[in-house]
Amino acid sequence: MIIAVDFDGTIVEHKYPKIGRPIPFAIETLLKLQKDGHVLLMWSVRTDELLQEAVDYCESKGLKFFAANKNYPEEDVSTASRKLNADLFIDDRNLGGLPDWGVIYHAIRAMERGETSFERIMMSSGENQRVRRKKNFFIRLGEMFERDGY
Ligand SMILES: [Mg+2]
């Protein structure tokens, strides 16, 4: 699959325009996905030097994306549409936030097996993780409502 991966808040903690601390197992999981044959694109709001800093950061950890903010290295972004032809996006702005990278890996493996329903994907990552994730989601939701004063 072609997988588009966000940087800030997904690979590192969100400290944009600085580079935050690494999110556990992000780089390791992405390397594993590459090894499994997936094509990884960086998909970030970063541009120019800030984008390059993110690319350099990942390369310093041994992770080389196929392209950053484009579909392939030679793509001319001045004329191409902004649409990225990815099969999947990994982004901390997803509904429910960013799952643990272990869950992400298992979910992708499940998708490859044709298990596309959310429930089955979560089940494939193990009962414990499923319960933990559910809890995390509602705790996060609770914190969000508290913070926003609901
Ligand atoms: Mg983000």
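Buried means under 20% relative accessible area, exposed means over 50%, and partly exposed lies in between, with a 1.4 Å probe and protein chains only. The structure is a predicted model, in which local features need pLDDT of at least 70 and side-chain atom pairs count only at pLDDT 80 or more, while totals for chains, interfaces and linings use all residues. Residues are numbered from 1 along each chain as its sequence is written, and side-chain values use heavy atoms, with hydrogens and water left out.

**Figure 1. Overview of the chain.** The chain has 5 helices and 4 strands, where helices (H or I, at least four residues) and strands (E, at least two) are DSSP runs numbered from the N terminus. Their order along the sequence is β-α-β-α-β-β-α-α-α. Of the 150 residues, 39% count as buried.

**Figure 2. The salt bridge of Arg21 and Glu13.** A salt bridge is a side-chain nitrogen of Lys or Arg within 4 Å of a carboxyl oxygen of Asp or Glu. By this rule the model holds 5 salt bridges. In this view Arg21 pairs with Glu13, and the closest N and O atoms are 3.4 Å apart. Arg21 is exposed at 58% relative accessibility, whereas Glu13 is partly exposed at 27%.

Figure 3. Side chains of opposite charge can pair when their charged atoms come close. Between Asp91 and Arg93 the closest N and O atoms are 2.6 Å apart. Asp91 is buried, with a relative accessibility of 8%, while Arg93 is exposed, with a relative accessible area of 58%. For Glu59 and Lys64 the closest N and O atoms are 3.6 Å apart. Glu59 is partly exposed at 35%, and Lys64 is exposed at 55%.

**Figure 4. The magnesium site.** Asp6 (OD), Asp8 (O) and Asp92 (OD) coordinate the magnesium ion at 2.1 to 2.2 Å. Along the chain these donors follow the spacing D-x1-D-x83-D. Asp6 lies in the loop between strand E1 (2-5) and helix H1 (26-35), and Asp92 in the loop between strand E4 (88-90) and helix H3 (101-112), so the pair ties together parts that are 86 residues apart in sequence. Asp6 is buried at 6% relative accessibility, and Asp92 is partly exposed at 23%. Donors are N, O and S atoms within 2.8 Å of the metal (3.2 Å for Na, K and Ca); water is not among the atoms, so sites may look incomplete.

**Figure 5. A patch of negative charge on the surface.** The patch gathers Asp48, Glu49, Glu53 and Asp56. Asp48 belongs to helix H2 (residues 48-60) and is exposed, with a relative accessible area of 59%. Patches consist of residues with over 30% relative accessible area and no salt bridge, like charges being joined within 9 Å and nonpolar side chains (Val, Leu, Ile, Met, Phe, Trp, Tyr) within 5 Å. Asp and Glu count as negative and Lys and Arg as positive, with His and the chain ends not counted. The place of a charge is taken as CG of Asp, CD of Glu, NZ of Lys or CZ of Arg. Accessible areas come from the Shrake-Rupley method with a 1.4 Å probe, and for residues only the protein chains shown count as cover.

**Figure 6. Leu31 and Phe65.** Leu31 is located in helix H1 and is partly exposed, with a relative accessible area of 30%. Leu31 and Phe65 are 34 residues apart in sequence, and their C-alpha atoms are 9.8 Å apart in space.
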